[in-house]
Amino acid sequence: QVQLVESGGGLVQAGGSLRLSCAASGSISSINTMTWYRQAPGNQRDVVAIITSGGTTTYADSVKGRFTISRDNAKNTVYLQMNSLKPEDTAVYYCNALIRVGVSPFRLYWGQGTQVTVSS
C-alpha cells in the first residue's frame with residue numbers, strides 16, 4: 001500500500017529556515033495534486049501550499065513570499081522550503097497527496113505529520 005514519509009521538521013529560531021520533504025512509495029501508478037497542511041493547537045488543519053502534477057502552485061496568504069512548494073515527479077516527492085520563519089508558523093505539518101494505485105480510483109493519502117517549532 002501507499003506510504004508517505006515526511007522528514008525535515010524540528011526546532012528553529014525565528015528568522016531561520018527549514019526544508020520539509022515528503023516521499024510517496026508503494027504501488028503507485030499516478031500522483032495528482034500534492035498539498036502541505038498545518039495544524040496548531042486549538043486550530044483547524046489549514047492548507048499551507050498546493051502543487052498540481054503540472055507544477056501549478058497556490059499558497060496561503062500567511063506564507064506567501066516566505067514558503068515555496070516544489071515536487072520531483074521522478075522521486076514521487078514534494079518539498080516545502082520555509083524561510084523567514086515566525087513563531088506563528090509553529091504547528092504540526094502534514095503531507096497530503098491524491099494518488100492512484102493500479103487502476104483503482106484516486107484517493108487521498110496522508111503523511112504522519114511532523115512538528116515544526118519556531119522559537120522567539
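1. Two aromatic rings of Phe, Tyr or Trp count as a pair here if their centres lie within 6.5 Å. That cut-off matters for the cluster discussed below. Please keep in mind that this is a predicted model.

2. Start with the fold. The protein chain has zero helices and eleven strands. Read along the sequence, the pattern is β-β-β-β-β-β-β-β-β-β-β.

3. Next, the overall dimensions. The radius of gyration of the protein chain is 14 Å, which agrees with the value near 14 Å for a compact globule of 120 residues. The C-alpha trace spans about 50 × 25 × 25 Å along its principal axes. Read these two results side by side.

4. How much of the chain is buried? Buried residues account for 38% of the 120 residues. The protein chain exposes about 6,300 Å², and carbon and sulfur atoms supply 47% of that area.

5. Contacts along the chain deserve a comment. Take the contacts between residues at least 6 apart in sequence: 54% of them join residues at least 24 apart. Several individual cases follow.

6. On charge, the protein chain carries 10 positive and 6 negative side chains. The centres of the two sets lie 7 Å apart.

7. Now the aromatic rings. A search of the whole structure finds two aromatic pairs. One is formed by Y37 and W110: their ring centres are 4.9 Å apart, with 50° between the planes, and the pair is tilted. This pair links distant parts of the chain, with Y37 in strand β4 (residues 28-39) and W110 in strand β10 (residues 107-110), 73 residues apart. Y37 is buried because its relative accessible area is 19%, and buried means under 20%. W110 has a relative accessible area of 38%, so W110 is partly exposed.

8. Y94 and W110 also form an aromatic pair. Here the geometry is edge-to-face: 6.4 Å centre to centre and 85° between the planes. Y94 sits in strand β9 (residues 91-101) and W110 in strand β10, 16 residues apart, and this pair too links distant parts of the chain. Y94 is buried, at a relative accessible area of 14%.

9. Which residues do the ring pairs link into a cluster? They are Y37, Y94 and W110. W110 takes part in the tilted pair with Y37 and in the edge-to-face pair with Y94.

10. Look at Q112 next. Q112 is in the loop between β10 and β11 (114-119). Q112 and L4 are 108 residues apart in sequence, yet 7.5 Å apart in space, C-alpha to C-alpha. Leaving aside neighbours within four places in sequence, Q112 is in contact with L4, V5, E6 and Y94. Y94 is one of the residues in the ring cluster.

11. S21 belongs to strand β3 (residues 18-25). Is S21 buried or exposed? S21 is buried, with a relative accessible area of 17%. Its contacts, neighbours within four places in sequence left aside, are V5, E6, S7, W36, V78 and Y79. V5 and E6 are also among the contacts of Q112.

12. A14 is a loop residue, between β2 (10-13) and β3. A14 is partly exposed, with a relative accessible area of 41%. Not counting residues up to four places away in sequence, A14 touches L85, P87, V118 and S119. A14 and N96 are 82 residues apart in sequence and 26 Å apart in space, C-alpha to C-alpha.

13. Two backbone angles are worth checking on screen. N76 has a positive phi of about 50° although N76 is not a glycine. N76 lies in the loop between β7 (67-72) and β8 (77-82). With a relative accessible area of 27%, N76 is partly exposed.

14. S84 is the other case to view. Its phi is near 50°, a positive value in a residue other than glycine. S84 is in the loop between β8 and β9. S84 is partly exposed, and the relative accessible area is 42%.

Definitions and conventions: Residues are numbered from 1 along each chain as its sequence is written. This is a predicted model: local features need pLDDT of at least 70, side-chain atom pairs count only at pLDDT 80 or more; totals for chains, interfaces and linings use all residues. Side-chain values use heavy atoms; hydrogens and water are left out. Helices (H or I, at least four residues) and strands (E, at least two) are DSSP runs, numbered from the N terminus. The radius of gyration is taken over C-alpha atoms; the globule rule is 2.2 Å times the number of residues to the power 0.38. Buried means under 20% relative accessible area, exposed over 50%, partly exposed in between (1.4 Å probe, protein chains only). Contact means heavy atoms within 4.5 Å. Accessible areas come from the Shrake-Rupley method with a 1.4 Å probe; for residues, only the protein chains shown count as cover. Lys and Arg count as positive and Asp and Glu as negative; His and the chain ends are not counted. The place of a charge is taken as NZ of Lys, CZ of Arg, CG of Asp or CD of Glu. Rings of Phe, Tyr and Trp (its six-membered ring) pair if their centres lie within 6.5 Å; planes under 30 degrees apart count as stacked, over 60 as edge-to-face and the rest as tilted.
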